[in-house]
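Me: Hi! I have a new structure open on my screen and would like to walk through it with you. Could you help me find my way around?

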Amino acid sequence: MQVRVLGCSGAIAKDCRTTSFLVDCDLLVDAGTGVGDLTLDEMAKIDDVLLTHSHLDHVAALPLMIDAIASRRTRPLRVHALRATIEALRAHVFNNVIWPDFASIPSREAPFVTFHDLVIGQELELGTRALKHIEVLPAVHTVPACGFAVRCAQGGPHWVFSGDTERNAPFWTRVNQLDVAMLVIETAFSNREQALARRSLHLSPATLADELAQIAPGRSYPIYITHTKPAETEEIMSQIDGITHGSRMRAGGDAGWDIRWLQADEVLQT
Ligand SMILES: Nc1ncnc2c1ncn2[C@@H]1O[C@@H]2COP(=O)(O)O[C@H]2[C@H]1O
C-alpha cells in the first residue's frame with residue numbers, strides 16, 4: 001500500500017499545505033489544502049474520502065474538489081466520517097450558502113457526494129482499485145475526531161494516523177495490539193506554546209514524549225511527525241530531537257524512538 005503525503009502542515013504558508021494523504025490512488029484521508037496539488041485525473045480517481053474531523057484545515061479542499069471533478073465522475077464521491085463531522089459539513093459547508101449542497105445536486109437520487117457515518121472502533125473496507133481495511137481509532141480534540149489505521153485488505157502492517165489529538169490512552173491500547181508499519185502523529189505546537197496546545201487539544205514535544213512512552217516494550221516502527229504549525233516547525237523539531245536523544249540514552253545505543261519529520265510529497269510504503 002502506498003501513502004502519498006499531499007499536505008502535512010498545521011497551517012498554510014508558501015510550500016505548506018494542510019493535512020491530506022492519498023492512499024493508493026482511490027482513497028483520500030482528510031481533504032486539506034494539499035489536495036490542490038492533484039491533477040484533475042488524479043482527483044477524479046478518488047472514490048472514497050475519510051475525514052478525521054470537521055476543522056477547516058482538514059476539509060477545506062473537499063467542496064472545491066467535488067466541483068472540480070463533478071463533470072468527470074459517473075458515481076458519487078463517498079465521504080466517511082463521524083456523524084458529528086457530517087452534520088457540521090452539511091450545516092456549515094454544503095448549505096447552499098458557503099457552497100452548493102452537492103449531496104442533492106444534480107439530484108437527490110444521483111448526487112455528486114454521499115455521506116456515510118463512522119463510529120470509533122468500526123472496521124470497514126474501502127478502495128475501488130485496491131481494497132483496503134480501515135479501523136477507526138479514537139482521538140481527543142476540540143470537536144469529535146478520530147484517527148485511522150489502514151492496511152491492504154489482504155493483510156500486512158498498518159499505516160496508523162493519529163488525527164488531531166491531545167493525550168489519548170485508548171489510542172495506544174489499540175495501537176499496541178496492531179501490526180504497525182509506521183505511525184503518523186501530530187505535534188502541532190512547541191513546548192513554548194504548551195498552554196495553547198492544551199487549550200486547542202494538540203500535542204507538543206513534551207506531551208508527545210508522554211504519549212510515545214505508552215508504546216509497548218519491544219515494539220518499534222518509524223514515527224512521522226505531522227501538523228506542525230509552520231511558524232514553530234524548527235523549534236518543535238529541535239525539541240523532538242531532544243526527546244529522541246533522551247529515549248536513546250534510556251534504551252542504550254541506537255535503540256529508542258525512530259522519529260522523523262513528515263514531508264509533503266513524500267511517498268510512504270507499508
Ligand atoms: N483558544 C483556542 N482554542 C482552539 N484553537 C485555537 C485557540 N486559539 C488559537 N487557536 C488556533 O485555531 C486552530 C484551529 O485548528 P487547529 O486545531 O489545527 O489549531 C488551532 C490553533 O492554532
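**Pockets, sheet and core**

Reply: Happy to! Let's begin with the largest pocket: helix H8 (residues 233-251) gives the largest share of its lining, 3 residues. Keep in mind that this is a predicted model.

Me: What volume does the largest pocket have, and which residues lie nearest its centre?

Reply: Its volume is about 260 Å³. The lining has 17 residues, and Ile215, Ala216, Arg219, Gly256 and Trp257 lie nearest the centre.

Me: How does that lining divide by class?

Reply: The lining of the largest pocket has 10 nonpolar, 4 polar and 3 charged residues.

Me: And what about the second largest pocket, which residues line it?

Reply: That one holds about 150 Å³ of space. Its lining is made of Cys8, Ser9, Asp15, Cys16, Thr228, Pro230, Thr233, Trp261, Leu262, Gln263 and Ala264. By class, that is 6 nonpolar, 4 polar and 1 charged.

Me: Let's zoom in on S2. Which way do its residues point?

Reply: In strand S2 (residues 20-23), Ser20 and Leu22 point one way, while Phe21 and Val23 point the other way. All four of these are buried.

Me: How many bridges join S2 to S1, and how many to S3?

Reply: Strand S1 (residues 2-7) is joined to S2 by 4 bridges, and strand S3 (residues 27-29) is joined to S2 by 3 bridges. S1 and S2 run antiparallel, and S2 and S3 run antiparallel as well.

Me: Which residues stand opposite leucine 22?

Reply: Arginine 4 stands opposite leucine 22, and in S3 the bridge partner of leucine 22 is leucine 28. Further along, valine 23 stands opposite leucine 27 in S3.

Me: What happens to aspartate 24 in the hairpin of S2 and S3?

Reply: Aspartate 24 takes a positive phi near 50° there, in a hairpin with 3 residues between the strands.

Me: New topic: is tryptophan 159 buried or exposed?

Reply: Buried, because its relative accessibility is 0%. Tryptophan 159 lies in strand S10 (residues 158-161).

Me: What is tryptophan 159 in contact with?

Reply: Leaving aside neighbours within four places in sequence, its contacts include Met1, Val3, Phe21, Val29, Met182, Val184 and Leu268. Alanine 149 is also one of the contacts; the C-alpha atoms of tryptophan 159 and alanine 149 are separated by 5.6 Å, with the two residues 10 apart along the chain.

Me: Last one: which residues of H7 are buried?

Reply: In helix H7 (residues 205-212), 6 of the 8 residues are buried: Pro205, Thr207, Leu208, Ala209, Glu211 and Leu212. These pack against several elements, including helix H5 (169-175), strand S11 (180-186) and H8.

Methods. Residues numbered from 1 in each chain as written. Predicted model: local features only at pLDDT ≥ 70, side-chain atom pairs only at ≥ 80, totals over all residues. Heavy atoms only, no water. Buried < 20%, exposed > 50% of the residue type's maximum accessible area, 1.4 Å probe, protein only. Helix = DSSP H or I, 4+ residues; strand = E, 2+ residues; numbered from the N terminus. Pairing = 2+ DSSP bridges. 1 Å grid on protein atoms, 1.4 Å probe; cavity = no way out; pocket = protein on both sides within 12 Å on 5 of 7 lines; lining within 4 Å. Points joined across faces, edges and corners; volume = space filled by probe spheres on them. Nonpolar A, V, L, I, M, F, W, Y, C, P; charged D, E, K, R; others polar. Contact = heavy atoms within 4.5 Å.
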